[in-house]
Amino acid sequence: MSSAEETTISGTGVVAGIAYAEAVWVRPRPELPGASTPVPEEQRDAEFDRFVEAADLVASRLEQRANGADGQAAEVLDATSRMAKDRGWHKAVRKGVRTGKTAEYAVVGATDKFVTMFEAAGGIMAERTTDLKDVRDRVIAQLRGEPEPGLPAVEGEAVLLADDLAPADTATLDTAHIKALVTELGGPTSHTAIIARQLDIPCIVAMGASLRDIEAGTVLYVDGAVGNVTIGADEETSKQAVAEYRERAEKVAQWTGPAETADGHRVQLLANVADGNAARIASDSVAEGIGLYRTELSFLSASEEPTVEEQARIYAKVFNAYPESKVVVRTLDAGSDKPISYATMSDEENPALGVRGLRVARDNEALLTRQLDAIALAAENRDDNAPTWVMAPMVATAAEAQWFAGLCRERNLVAGAMIEVPAAALMADTIMPHLDFVSIGTNDLTQYTMAADRLSSQLAYLTDPWQPAVLRLIQHTCVVGHDNNVPVGVCGEAAADPMLACVLTGLGVNSLSAASTALAGVGAQVSELTLEQCQKLADVALASSGPSEAREAVRELIEKYRD
Ligand code: PEP
Ligand code: MG
């Protein structure tokens with residue numbers, strides 16, 4: 001694909017796939033109003049009623065869309081519609097209107113107040129500010145009688161461009177028309193990326209300000225695997241690439257597993273889940289079990305620690321989705337971007353490097369042992385042959401691994417650790433003898449290896465799991481795992497990328513755990529190559545100077561093997 005006038009801009013590819021279509025921009029957010037002459041006192045009640053009517057309309061539209069969606073999309077829309085009805089937010093608007101502000105201006109003030117609060121809380125709470133600002137913009141547009149901001153109506157096929165997508169928009173994208181998503185902001189773990197993965201639509205995030213120069217109607221060639229958007233690409237070659245991509249997608253849809261390389265080397269495909277619902281969805285997919293149950297996500301809004309029995313009931317819901325297969329439960333990864341009120345310190349200067357994950361239990365071992373008791377209790381009813389594995393997040397030393405494994409074994413639980421701190425990868429030979437398995441968390445391993453915040457869109461070029469530095473740590477971990485007979489899995493987002501999954505297989509990873517929707521693509525790709533070819537891919541990736549070079553080199557080699 002080359003032409004004299006083609007221009008390519010690059011971002012971070014988060015969902016592989018090819019699209020060739022005209023650009024459309026998400027309808028702009030309304031200009032925010034400023035202060036104006038005070039609303040006369042006798043009109044203030046009516047002004048507030050006007051707000052309530054607009055907020056109700058916005059909420060009910062979102063609710064309707066939630067009813068027509070399912071899974072994560074329905075949850076996101078439902079949560080956003082509840083925000084439009086939030087009592088605290090309404091109260092803050094009323095307060096503003098009572099002082100003479102227009103409904104529009106009071107909405108801005110009330111939203112700012114909550115945004116500041118959410119940002120101070122940090123982590124997942126901070127991410128909710130996008131949802132709240134989205135509700136603000138919808139209500140303001142409604143108050144002004146303007147069309148609701150967000151997705152335009154699209155006829156034919158289009159590539160959707162945006163600064164960042166509001167969760168409510170990404171949740172209901174019409175994939176019959178929208179063939180790719182490209183955003184200026186966002187990162188590999190942002191909301192846009194998660195939904196794009198769920199919809200399996202090619203997606204590139206963190207393109208930077210240069211995206212703004214692309215006008216609606218410009219024909220774009222999007223390559224989600226590499227993270228490139230090309231203007232002026234040759235039409236015939238581009239259409240050919242799209243046809244080949246769709247043919248592959250068809251193959252993926254028909255792939256049923258289990259995963260093995262073309263010469264019969266098995267790789268277990270497992271699902272990452274947050275609760276029983278996601279586990280049930282996974283059980284309908286090609287996932288052979290659960291490779292990462294993030295227990296902390298069940299307790300983000302809990303103000304008190306649930307009792308052992310309450311916890312056991314929650315965990316049992318995940319176990320029930322896979323009564324006869326492996327389930328890997330991760331103990332509470334509280335802290336950093338996932339603050340949990342009863343477990344996390346609130347005043348850390350640097351929470352990503354602070355008391356998070358297993359570290360929380362150093363001064364509060366009972367919190368961990370109660371969780372292990374609950375896991376053991378929930379596992380009591382499992383089939384004798386169904387493996388229940390438990391792993392600790394953020395293990396950094398052999399002493400931590402030994403301590404955690406001891407607590408697990410007292411309860412007859414299979415003990416493992418996440419390898420997500422570079423020290424743990426480098427010291428794997430001292431850590432592994434204490435454990436039954438390890439699972440590499442590439443999201444944090446990348447963040448800590450590259451010293452780059454995984455939530456920062458400016459640093460997405462660093463927090464790329466194709467970073468050869470990260471691959472070298474994975475290689476080392478696999479070699480040590482092999483020497484110690486300890487199975488090595490990967491449960492970060494890297495496992496969701498079909499090409500990278502082949503590299504990981506070549507490095508010696510035994511299982512890959514990712515969002516269940518990503519697994520068929522991974523399995524289908526792995527099944528096309530022999531183990532030796534995967535090892536060659538690993539060699540070229542390890543020898544590359546950067547993530548883009550690694551992707552490109554691996555892609556070229558895969559294409560060569562296909563011919
Ligand atoms: C990781 O760090 O790669 C991981 C799987 O854990 P989390 O994304 O929950 O931190
Ligand atoms: Mg992690």
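At what angle do helix 15 and helix 16 pack? The views below come from a predicted model.

**View 1. Helix 15 packs against helix 16.** Helix 15 covers residues 442-449, and helix 16 covers residues 468-484. The two pack at an angle of about 120 degrees. Their axes are 9 Å apart. An angle of about 120 degrees makes helix 15 oblique to helix 16, because 65 to 115 degrees counts as roughly perpendicular and over 145 as roughly antiparallel. The crossing of helix 15 past helix 16 is right-handed.

**View 2. Residues meet where helix 15 touches helix 16.** Helix 15 brings Thr-442, Leu-445, Thr-446 and Thr-449. Helix 16 brings Ala-469, Val-470, Leu-473 and Ile-474. Sorted by class, this contact has five nonpolar residues, three polar residues and no charged ones.

**View 3. Ile-419 sits in strand 13.** This strand runs over residues 414-419. Is Ile-419 buried or exposed? Ile-419 has a relative accessible area of 1%, so it is buried; the cut-off for buried is under 20%. Leaving out residues up to four places away in sequence, Ile-419 touches Ala-424, Ala-425, Val-438, Ser-439, Ile-440, Gly-441, Leu-445 and Thr-477. Leu-445 belongs to helix 15 and is one of the residues that meet helix 16. Ser-439 is 20 residues from Ile-419 along the chain. The C-alpha atoms of this pair are separated by 5.9 Å.

**View 4. Asp-223 lies in strand 7.** Strand 7 spans residues 219-223. The relative accessibility of Asp-223 is 5%, so this residue counts as buried. Which residues does Asp-223 contact, leaving aside neighbours within four places in sequence? They are Gly-17, Ile-18, Ile-204, Asn-228 and Arg-555.

**View 5. Gln-198 belongs to helix 7.** Helix 7 covers residues 191-199. Gln-198 has a relative accessible area of 26%, so it is partly exposed. Gln-198 and Leu-455 are 257 residues apart in sequence. In space, their C-alpha atoms are 19 Å apart.

**View 6. Helix 1 runs over residues 44-67.** An α-helix has 3.6 residues a turn, so residues three or four places apart point the same way.

Note on methods: Residues are numbered from 1 along each chain as its sequence is written. Chains are lettered from A and ligands numbered from 1 in the order in which they are written. This is a predicted model: local features need pLDDT of at least 70, side-chain atom pairs count only at pLDDT 80 or more; totals for chains, interfaces and linings use all residues. Side-chain values use heavy atoms; hydrogens and water are left out. Helices (H or I, at least four residues) and strands (E, at least two) are DSSP runs, numbered from the N terminus. The expected span of a helix is 1.5 Å times one less than its number of residues. Axes are lines fitted to C-alpha atoms, for helices over the stretch in contact, and angles run from 0 to 180 degrees between N-to-C directions. Angles under 35 degrees count as roughly parallel, over 145 as roughly antiparallel, 65 to 115 as roughly perpendicular and the rest as oblique. A crossing is left-handed if the near helix is turned anticlockwise from the far one by less than a right angle, and right-handed if clockwise. Contact means heavy atoms within 4.5 Å. Ala, Val, Leu, Ile, Met, Phe, Trp, Tyr, Cys and Pro count as nonpolar, Asp, Glu, Lys and Arg as charged, and the others, Gly among them, as polar. Buried means under 20% relative accessible area, exposed over 50%, partly exposed in between (1.4 Å probe, protein chains only).
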